[in-house]
Amino acid sequence: MADIITIPATVRTTFGKGAARRLRRDGHIPAVIYGHGQEPIHVALPEHETTLATRTANALLSLDIEGAEPKLVLVKDIQKDPVK
């Protein structure tokens, strides 16, 4: 069975290009959690821990969202800058 990596996450309240750029500048990755029949949850993940955890294919992550019940997630898409 695959190892489950726990990553702390914070809920995002600001959206858009400017807010995403501020998050990235501060060392976080903007992300969205989609669930079965649930509303999407917009979160910010720490860049270094998330990058290391997603190096392997089909990485299972357990997101600890501000002390709430941890959510088990599977990474579906990672968007990267083609120039960098």
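Reader: How many residues make up the largest nonpolar core?

Author: The model is predicted, so local features need pLDDT of at least 70 and side-chain atom pairs count only at pLDDT 80 or more, while totals for chains, interfaces and linings use all residues. Residues are numbered from 1 along each chain as its sequence is written, and side-chain values use heavy atoms, leaving out hydrogens and water. A nonpolar core is a set of buried Ala, Val, Leu, Ile, Met, Phe, Trp, Tyr and Cys residues joined through side-chain atoms within 4.5 Å, where buried means under 20% relative accessible area, exposed over 50% and partly exposed in between (1.4 Å probe, protein chains only). The largest such core includes Ile7, Ala31, Val43, Ala53, Leu61 and Val73, and its total is 11 residues.

Reader: Which element gives the largest share of this core?

Author: Helices (H or I, at least four residues) and strands (E, at least two) are DSSP runs, numbered from the N terminus. Two or more core residues come from each of β1, β2, β3 and β4. The largest share is 3 residues, and the element giving it is β4.

Reader: In what order do the 5 strands form the open sheet?

Author: Strands pair if DSSP finds at least two bridges between them, and the pairing here is mixed. β2 (28-35) and β5 (71-74) each have a single partner strand, so one side of each lacks a neighbour in the sheet. From one strand to the next the twist averages 45°. The order is β2-β3-β1-β4-β5.

Reader: What is the bridge partner of leucine 61 in β5?

Author: Strand β4 (residues 60-65) runs parallel to β1 (residues 4-11), joined by 6 bridges, and isoleucine 5 has leucine 61 as its bridge partner in β4. With β5, β4 pairs in the antiparallel sense over 4 bridges, and serine 62 stands opposite leucine 72. Leucine 61 is in contact (heavy atoms within 4.5 Å) with residues including Ile5, Ala53 and Val73, leaving aside neighbours within four places in sequence. Its bridge partner in β5 is valine 73.

Reader: At about what angle does helix α1 run to β2?

Author: Axes are lines fitted to C-alpha atoms, for helices over the stretch in contact, and angles run from 0 to 180 degrees between N-to-C directions. Helix α1 (residues 17-25) lies across β2 and β3 (38-46), and its angle to β2 is about 120°.

Reader: Is threonine 50 buried or exposed?

Author: Threonine 50 lies in helix α2 (residues 47-53). Not counting residues up to four places away in sequence, threonine 50 touches Ile7, Ile29 and Leu45. Its relative accessible area is 8%, so threonine 50 is buried.
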